[in-house]
Amino acid sequence: ILQPDGQNYKKEQIIYLVEDNYKKPLKAKRKINILKEAHKMNDMAANAFLKVLEEPASMNVFILLTDNLRAMLPTITSRCQTLKFSPLSSREIETSLKQKGYDEEKALLISYLGSTMDSALSTDFNQLMKKRDNILSILESLLTQKGTDSILLDLFNLGKSREKFLE
């Protein structure tokens, strides 16, 4: 399983795949290579990957995962079979989290917030609860009109930095 190193795949990551393409699997009949966020291959990485797609070893299977097919080079997509999957519903994510040992309350809350299974599994529940408590506290202050001056001042100051405001 390969994923981008930073914002994009590096050419070196793809060169590793190209070199590994010619090595036989140790135990199985096939090697499965999964590239997460395949649309994040820059032109150099994508062109290096084309070599594998044009002359793949028979024992290799490449699975390119992307949520942005249009961002992929047409020369890559033309050499692939495209399968479209629907995203998991919040109910499916909740069920899967429960099967992984999450209690019902955590699984339910995380499933509503996570758009993918990866994001649901990477959610820090304690951090999520702190954010929820902060939001509830702000809403209570606004409803009771106690401390609204400091809340509005905080929002004004946070609004100066988009990242801090979103956080």
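User: Is aspartate 20 buried or exposed?

Analyst: This is a predicted model, in which local features need pLDDT of at least 70 and side-chain atom pairs count only at pLDDT 80 or more, while totals for chains, interfaces and linings use all residues. Residues are numbered from 1 along each chain as its sequence is written, and side-chain values use heavy atoms, with hydrogens and water left out. Buried means under 20% relative accessible area, exposed over 50%, and partly exposed in between (1.4 Å probe, protein chains only). Aspartate 20 has 15% relative accessibility and therefore counts as buried.

User: With which residue does the side chain of aspartate 20 meet in a salt bridge?

Analyst: Side chains of opposite charge can pair when their charged atoms come close. The term salt bridge requires a side-chain nitrogen of Lys or Arg within 4 Å of a carboxyl oxygen of Asp or Glu. The partner of aspartate 20 is lysine 31, at 3.2 Å from N to O. Aspartate 20 belongs to helix 1 (residues 11-20) and lysine 31 to strand 1 (residues 31-35), so the bridge ties together parts that are 11 residues apart in sequence. Helices (H or I, at least four residues) and strands (E, at least two) are DSSP runs, numbered from the N terminus. Lysine 31 is also buried, at 13% relative accessibility.

User: Which residues is asparagine 33 in contact with, leaving aside its neighbours within four places in sequence?

Analyst: Contact means heavy atoms within 4.5 Å. Asparagine 33 lies in strand 1 and is buried, with a relative accessible area of 12%. Once neighbours within four places are set aside, its contacts are Leu17, Asp20, Asn60, Val61, Phe62 and Ile63.

User: How many salt bridges does the structure hold, and which residues do they join into one network?

Analyst: There are 7 salt bridges in the structure. One of them pairs arginine 91 with glutamate 94 at 3.1 Å, N to O; both residues lie in helix 4 (residues 90-99), 3 residues apart, about one turn of the helix. Glutamate 94 also meets lysine 98 in a salt bridge, at 3.1 Å from N to O. Lysine 98 and glutamate 94 are 4 residues apart in helix 4, so about one helical turn separates them. Through shared partners, salt bridges join Arg91, Glu94, Lys98 and Glu104 into one network. As for accessibility, arginine 91 is exposed at 54%, glutamate 94 is buried at 5%, and lysine 98 is partly exposed at 32%.

User: What is the volume of the largest pocket, and which residues are closest to its centre?

Analyst: Rolling a probe the size of a water molecule over the atoms shows where empty space is left. On a 1 Å grid over the protein atoms alone, a pocket is an open set of points where a 1.4 Å probe fits, with protein on both sides within 12 Å along at least five of seven lines; lining residues have an atom within 4 Å of a point. Grid points are joined across faces, edges and corners, and a volume is the space filled by probe spheres set on the points. Here the largest pocket has a volume of about 1400 Å³. Of its 34 lining residues, Leu64, Leu65, Thr66, Asp67 and Phe85 are the closest to the centre. Strand 2 gives the largest share of the lining, 5 residues.
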